[in-house]
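Dear colleague,

Please find below the structure that I am handing over to you.

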Amino acid sequence: MSALRKSGRNRWELIHALEGVVPEEREGLAFLITNMPQHDLVALKTDFLVEDVHLAYQAVREVPWGRDIPQEIFLNDILPYTSVNERREVWRGDFHQRFIKIAIASKTIDQAVLALNRYVFDTLHVSYDAVKRPKPDQSPYESIRAHYASCTGLSILLTDALRSVGIPARIVAIAKWPDESGNHTWVEIWDGQWRYIGAAEPTALDHTWFTGKASRADARHPIYAVSFKKTHLRFPMRWVPKVKFVSAIDVTEEYKHR
């Protein structure tokens with residue numbers, strides 16, 4: 001695995017970890033190692049990665065829809081420990097304990113997403129504020145401490161909460177709306193197909209305040225979804241425009257037909 005050659009002093013610990021985990025979880029750990037940014041490959045502790053992988057597999061076994069999630073969706077949209085450039089944190093175990101009962105009681109992914117989009121922000125007391133939030137790309141616990149977050153911070157928090165209970169989720173963004181009115185970040189979830197929702201917004205799936213605006217996206221104003229798996233596209237991050245290590249998938253056409 002070429003990534004191991006770039007992992008510095010972590011190399012032998014990562015090799016031993018791959019040899020030590022159960023076969024099912026080895027694929028997940030190998031996926032992360034292969035696709036993680038260079039600075040994570042060097043800096044993240046092996047124990048953190050092994051535990052995070054184990055908890056992701058455990059969550060999928062616990063939820064009713066877990067057996068229906070394709071492996072490629074699980075690897076790219078449940079397993080990752082991060083979405084963009086936010087501070088790396090140990091959130092999966094804590095969030096799983098907080099939110100798994102809500103997820104299991106919901107029976108379906110769609111019901112769980114709608115329930116958690118209310119419950120997460122109500123119980124953690126986090127809401128949107130473009131001024132009071134300390135920075136745009138807050139990690140989950142940074143947002144919890146501040147009680148305020150940008151649309152990006154809210155989306156990071158919701159994505160992690162959903163992933164912690166076995167729901168495939170990813171962050172989506174447009175760098176500038178076609179009418180030049182600004183940028184926006186939101187969340188997509190997978191229930192057999194990709195659907196979207198605004199984090200901390202009391203709306204149904206695929207029906208948000210930005211539905212009309214997103215339908216007018218074009219080649220000059222594309223919509224991108226984050227991909228942990230490396231691609232040839234880069235996810236637009238207006239808050240750190242020079243950072244290019246987050247991969248993306250162009251989903252513009254999907255929004256034009258919704």
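Two strands are taken to pair if DSSP finds at least two bridges between them. In this predicted model, strand S6 (residues 223–227) and strand S8 (residues 247–250) pair in the antiparallel sense, over four bridges. Within S8, Ala-248 is the residue that stands opposite Val-226.

These strands belong to an open sheet of six strands, in the order S5-S4-S3-S6-S8-S7, with antiparallel pairing. Strand S5 (194–197) and strand S7 (233–234) stand at the edges; each has a single partner strand, so one side of each is left without a neighbour in the sheet. Helix H9 packs on the sheet, where it touches strand S3 (169–174), strand S4 (184–190) and S5, and the direction of H9 makes about 15 degrees with that of S4.

H9 (residues 151–164) also packs against helix H6 (residues 92–106), at an angle of about 75 degrees and with the axes 8 Å apart. H6 is therefore roughly perpendicular to H9. In this contact, Arg-92, Phe-95, His-96 and Phe-99 of H6 meet Leu-157, Asp-160, Ala-161, Arg-163 and Ser-164 of H9. By class, four of these residues are nonpolar, two polar and three charged.

A further helix pair is formed by H2 (residues 23–35) and H4 (residues 46–62), whose axes come within 10 Å and cross at roughly 125 degrees. The two helices are therefore oblique to each other, and H2 passes H4 in a right-handed crossing. Among the residues that meet here are Leu-29 and Leu-32 in H2 and Val-53 and Tyr-57 in H4. The contact of H2 with H4 has six nonpolar, two polar and four charged residues.

Yours sincerely

Terms used
Residues numbered from 1 in each chain as written. Predicted model: local features only at pLDDT ≥ 70, side-chain atom pairs only at ≥ 80, totals over all residues. Heavy atoms only, no water. Axes fitted to C-alpha atoms, helices over the stretch in contact; angles between N-to-C directions. Parallel < 35°, antiparallel > 145°, perpendicular 65-115°, else oblique. Contact = heavy atoms within 4.5 Å. Nonpolar A, V, L, I, M, F, W, Y, C, P; charged D, E, K, R; others polar. Left-handed = near helix turned anticlockwise from the far one by under 90°.
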